[in-house]
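Dear colleague,

I am pleased to hand over the structure shown below. Please look through it first; an account of what was found follows.

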Amino acid sequence: MPKEATMLVDTKAKVGVFSIALGAYLPQFPQLVPEFESQYAAFKETLPTTVELIDGGMVTTKEQAQDAGDIFRAADVDLVILQMLTYATSYNVLPAVRDLDVPVVVVNVQKKAQPDYSNTDIPIWLGELYACGAPGEVVADLNRAGKRHAVITGVVEGGDPEVAKQLDEWCRAAQVRRRLRRTNIAQIGRPYPGMMDLYIDETNLYNRLGLYTKQFDWEKMWAIADNIDNQAAIDAKAAEIIDTFDIEGGAKVSDEPIQEMAKYVVAFEQWVKDEEIGLIASHYDGYAQGQAGVLDSMLIPAFSMLIKQGTACAVEGDMKVAVAMSILKTIAGTGQLSEMYSIDFPEDVVIIGHSGSGDADISTAKKPTLKVVPVFHGKTGGGYLTQFYPGLGTVTYLGITQDGDGNFKFVVAEGENVEGPIFTFGDTNMRMKFSIGAREFMNRWNETGPTHHMAAALGSHTDTILKVAKILNVPVDVVCR
């Protein structure tokens, strides 16, 4: 499983959990009560500790379901997980979820792997061997109520890695909803002029994905480091920068450029915490003179240090790709801004990458490099440029686009980062082989109507992205995997 990302602004999903059984069984077979209580307690222990569980209890009546619904609404849960203990009527479910706009994951897990047919009576069957009819009834009524849902079937005896994997993915997906709803996106400046695919309606973003935009002018940002005078914190951050990057020509903590860079990183980290910033989209198109030029030259390494700590930072003012980066960083532990660079037709390889800030955690093949360049191509000014070296193996790409009515859509693809030469002019590059070939991949990806940016993460994460999409109620185009 991917590692958990370290977040400067931490958020923890709230996952509602409850179990159901038919109340009529309990007075008939009193031994089922401790059996079910034990199973429910054991099930909760299997859920990831990365989320906060909101316990709706063991429900056997409509009234208990209503009480669970009150608890879930009050907590604003990001997901509901339902354990099916045995057969139960669907009135045990609907009152608990009727007023929620999150998916219900129906966990249909049987205690024993196989019946001992000759020694099974009704209580044993109902308590330890029932994983069949009730999920269909529940899902039928969830459908009629317009509720999103999923079903997971498995077994307790002997352990079930697939059930554990599915539950982990759902909890990772729930973290995305909580992060979008409980942090802010910083918009500094405006998008790169003319990149109309990046333009966005910030009110629509809030209404559809729950992400609030805080706007900042560059004139205010120029002074962000003016009051940073904690030398111990600056020195510690300078050491962290040197540890993170292979700096061209070498560097020491006491070097003036590293000290200045560290000062800005400390300032940006404090700003992120104070403003509860989970995502940043920025573009500067000024004259890069004086203090503005100093800040502009520092942005790429400073934002790279933020990305490493879970705050997605997108260049060219692209708010949609910042969301994609944040989603991947949250569920996969890495999130790198990318776009199509070139095609090596004889090798059937697509070169994918980007200049500017990036995620040090994705650079598993080689330590990221940092060097000074006189010109940021297509941008104002020059300064420190970073390059990252993603490891070989599976890479997942996530793009976020919109239709004419403002509805968001995810575009997803998986491929293999393969061995071979890459460009050496300072931009992050991946040599990608896709199952459908380079030419068909380019056709299918572009026919989805994406923006020209997407986010990249090491590993295979399509299944988790599909769960994020179900939680956020966003359609998905899967190009290949």
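**Strands, sheets and helices**

Ala281 stands opposite Ala314 in strand S10. This is a predicted model, in which local features need pLDDT of at least 70 and side-chain atom pairs count only at pLDDT 80 or more, while totals for chains, interfaces and linings use all residues. Residues are numbered from 1 along each chain as its sequence is written, and side-chain values use heavy atoms, with hydrogens and water left out.

Strand S10 pairs with strand S9 (residues 277-283) in the parallel sense, over three bridges. Two strands count as paired if DSSP finds at least two bridges between them. Helices (H or I, at least four residues) and strands (E, at least two) are DSSP runs, numbered from the N terminus. In general, strands of a sheet pair through backbone hydrogen bonds, either parallel or antiparallel.

S9 and S10 belong to an open sheet of four strands with parallel pairing, in the order S7-S6-S9-S10. At its edges are S7 (212-216) and S10 (312-314), each of which pairs on one side only. From one strand to the next, the twist averages 20°. Angles run from 0 to 180 degrees between N-to-C directions, and axes are lines fitted to C-alpha atoms, for helices over the stretch in contact. Contact means heavy atoms within 4.5 Å.

Two helices lie across this part of the model. Helix H8 (residues 202-209) lies across S6 (184-189) and S7, running at about 150° to S7. Helix H11 (residues 256-275) lies across S6, S7 and S9, and runs at about 120° to S9.

There is also an open sheet of five strands, paired in parallel, with the order S2-S1-S3-S4-S5. Strands S2 (52-59) and S5 (149-155) stand at its edges with a single partner strand each, so one side of each has no neighbour in the sheet. Helix H2 (residues 32-46) packs on this sheet, touching S1 (14-20), S2, S3 (79-84) and S4, and its direction makes about 165° with that of S2. Within the sheet, S4 (residues 104-110) and S5 pair in the parallel sense over seven bridges, and Val106 stands opposite Val151 in S5.

With kind regards
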